Amino acid sequence: MSTPTPTALVTGGSRGIGRAVAETLARDGFQVFLTYVSKPEEAEAVAAGIRERGGSARAFALNVGDAEAITTFFASEIKDKTDLAVLVNNAGITKDGFLIRMKDEDFDRVLDVNLRGAFVCMREAAKIMSRRRHGRIINISSVVGQMGNAGQVNYAAAKAGLLGMTKSAARELAGRNITVNAVAPGFIETDMTASLPAEVRADYEAAIPLKRLGTPQDVAEAVAFLASDKAAYMTGQILAVNGGMYC
Ligand code: NAP
């Protein structure tokens, strides 16, 4: 019997950083399962593009703000059907606003998708990876979780929470040969940053030592490294991909 191709699950793989991660992990030989919530055509196009280049990929609708949907997805599509080697918790949203005007529901929604969703995916993946005694979990945090950002208390809380969760899970899962690391991107050219006013963007560029926003591929290569055997002795770490803006 042939050994199954190891699977990498990338949440939010239809666009931006998640798309680049999905394509890069497929390049590196993983079967890629990518998820989306609102843009099925874009997700299907990413999966089709990977298959056209000789890789293996499937797209799935999965709202990571819905814990029950996540557990159902792992039970029906992952547990007995794949050799789950890598989980990339990438799906994320922003709902920005200054602290004194921030609505409870905007705080809760950002925490539900960015933090609780990653927690539930990580828990379900860890159960499966524990049985195979090997795995790589990579959480996409943010420079905002490290240094804070005016107008983003909800997002900063979620992204800082991911860092604490990464370090704790790394300690729990090391005995099962599962590594858990975070990548903390700086400001990256995606839909998430496309609406920045020109003057804010210029301020960011001026504050970044490498004098440019990052690309999704800059982040994807860091994720691919952490997913590879080259990173076998790294766990509980935060790999910053931020052009030097926060060290
Ligand atoms: P993006 O272009 O806005 O794409 C977001 C992705 O997440 C899309 O695939 C989207 O799916 C998916 N998504 C959104 N809500 C979801 C939900 N409830 N359930 C499942 N999937 C959901 O974002 P990005 O800039 O690539 O960011 C990717 C990750 O990197 C996020 O965690 C973000 O916080 C983090 N990050 C980004 C930057 C940056 O500057 N861009 C910097 C630091 C960290 P649909 O396409 O179906 O809507």
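Begin by selecting α1 (16-27), β2 (31-36), α4 (104-132), α5 (143-147), α6 (153-173), α7 (191-194) and α8 (198-207), each of which supplies at least two residues of the lining of the largest pocket; helices (H or I, at least four residues) and strands (E, at least two) are DSSP runs, numbered from the N terminus. The model is a predicted one, in which local features need pLDDT of at least 70 and side-chain atom pairs count only at pLDDT 80 or more, while totals for chains, interfaces and linings use all residues. Residues are numbered from 1 along each chain as its sequence is written, and side-chain values use heavy atoms, with hydrogens and water left out.

Next, select G92, I93, T94, T190 and M192, which lie nearest the centre of the largest pocket among its 49 lining residues. A pocket here is an open set of points on a 1 Å grid over the protein atoms alone, where a 1.4 Å probe fits, with protein on both sides within 12 Å along at least five of seven lines, and lining residues have an atom within 4 Å of a point.

Now show the ligand, which takes the space of the largest pocket (more than half of its atoms lie within 2 Å of the pocket's grid points). Around the ligand are 32 residues, of which S14, R15, S38, Y155 and T190 come nearest (a residue is near if one of its heavy atoms lies within 4 Å).

Finally, look at the backbone of I17, where a polar atom is 2.8 Å from an oxygen atom of the ligand, and at N63, whose polar side-chain atom lies 2.9 Å from a ligand nitrogen atom.

Note on methods:
A polar contact is a pair of N or O atoms within 3.5 Å; within protein, one must be able to donate a hydrogen and the other to accept it, and residues adjacent in sequence count only if both atoms are side-chain atoms.
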